[in-house]
Amino acid sequence: MAGPTMISKVKAYWAPLILFGLGLFYQLVVLPRSFPTSHYDALGIKPYSSVEQVKEAYEKFSSKWNSGEEIPSTADFLKIQYAYELLTDPLWKRNYDIYGIDEQLHILEKVREQYGEESYSRIDLPLLDATDRSVHAFNVVTSEDFPSIFHDSKPWLIQVYSDGSYLCGQFSGAWKTIAALLEGIANTGMVELGDIRLATHLAERKPIGQIFFRRGLPSLVAFPPGCKSSDCMTRFEGELSVDAVTDWFATAILKLP
């Protein structure tokens, strides 16, 4: 009698046990692998470590390399060097830590292709150029004055930008032209990522809660006529050119034929 009773109990609980096992496997194996390795991992330190901790971690690697105690592969050296340069720049670090923005990753791939398996000592440093990334900001909107900007029924076009972004710097000229073309028709403004409260309000949010900008920076959002909240806000997802942005604004926001 014990045998059939045990079998019946197993049959009764086999489905919940399988689901529990699958859930455990997802949390311990699948979910961790779904997140890309961070630049902090390359340095062997915790995420969001301070600039000082980043420098200390890099110095440990550097001292081993210089003494000959350890000879890194070119691939490992590039990962560590890139992480160090990115995470010791305050603006790049802020953008990466808060919004996951890493717009210079293509440089890492380019250098890998250029040097292949050559000795790391042949690689020209620094990898990243911290010059010529200025953004000519105007009509800057802050979280303090955002609630009061909708004083009329005109639509709004807002650019979310970062002072440390090359792409935003390259877009500055086009943005100035766009603002000039929309003058009298719509209001235009700029929001810097450092205004975390407002930038978060204008960002998207992943299921895990992380805020992000799907297409990176600069990010353009529009508030149609009469719209005063993010519920009716519209995101631009096309090519960042004067023609593409103004055409989209005219048809999607102003509803012109």
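Predicted model: local features only at pLDDT ≥ 70, side-chain atom pairs only at ≥ 80, totals over all residues.

Strands (E, at least two residues) and helices (H or I, at least four) are DSSP runs numbered from the N terminus, and two strands pair if DSSP finds at least two bridges between them.

## Strand E2 and its partner

Strand E1 (residues 156-161) pairs with E2 in the parallel sense, over six bridges. Within this pairing, Val160 stands opposite Val191, and Gln159 has Met190 as its bridge partner in E2. Together with helix H7 (residues 166-182), E1 and E2 make a right-handed β-α-β unit; right-handed means that, with the strands pointing away from the viewer, the path from the first strand over the helix to the second runs clockwise.

In a regular strand the side chains alternate between the two faces of the sheet. From E2, Asn187, Gly189 and Val191 point one way, while Thr188, Met190 and Glu192 point the other way. Six of the six residues of E2 are buried, so the strand is largely enclosed by the rest of the structure. Buried means under 20% relative accessible area, with a 1.4 Å probe and protein chains only.

## The loop at Thr88

Thr88 is placed in the loop between helix H4 (74-87) and helix H5 (90-99). A polar atom of the Thr88 side chain lies 3.4 Å from the backbone oxygen of Glu85. Beyond its neighbours within four places in sequence, Thr88 is in contact (heavy atoms within 4.5 Å) with Val51, Val54 and Lys55.

## The chain as a whole

The protein chain has nine helices and six strands. Of its 257 residues, 41% count as buried. Among contacts with a separation of 6 or more, 68% are between residues 24 or more positions apart.

## Confidence and conventions

Mean pLDDT, the predictor's confidence in each residue from 0 to 100, is 89 for the protein chain, and 86% of the residues reach 70 or more. Over residues 23-35, pLDDT stays under 50, and the model has five contacts beyond four places in sequence for them.

Residues are numbered from 1 along each chain as its sequence is written, and side-chain values use heavy atoms, leaving out hydrogens and water. Local features need pLDDT of at least 70 and side-chain atom pairs count only at pLDDT 80 or more, whereas totals for chains, interfaces and linings use all residues.

Conventions. Polar contact = N/O pair within 3.5 Å; in protein donor to acceptor, adjacent residues only side chain to side chain. Buried < 20%, exposed > 50% of the residue type's maximum accessible area, 1.4 Å probe, protein only.
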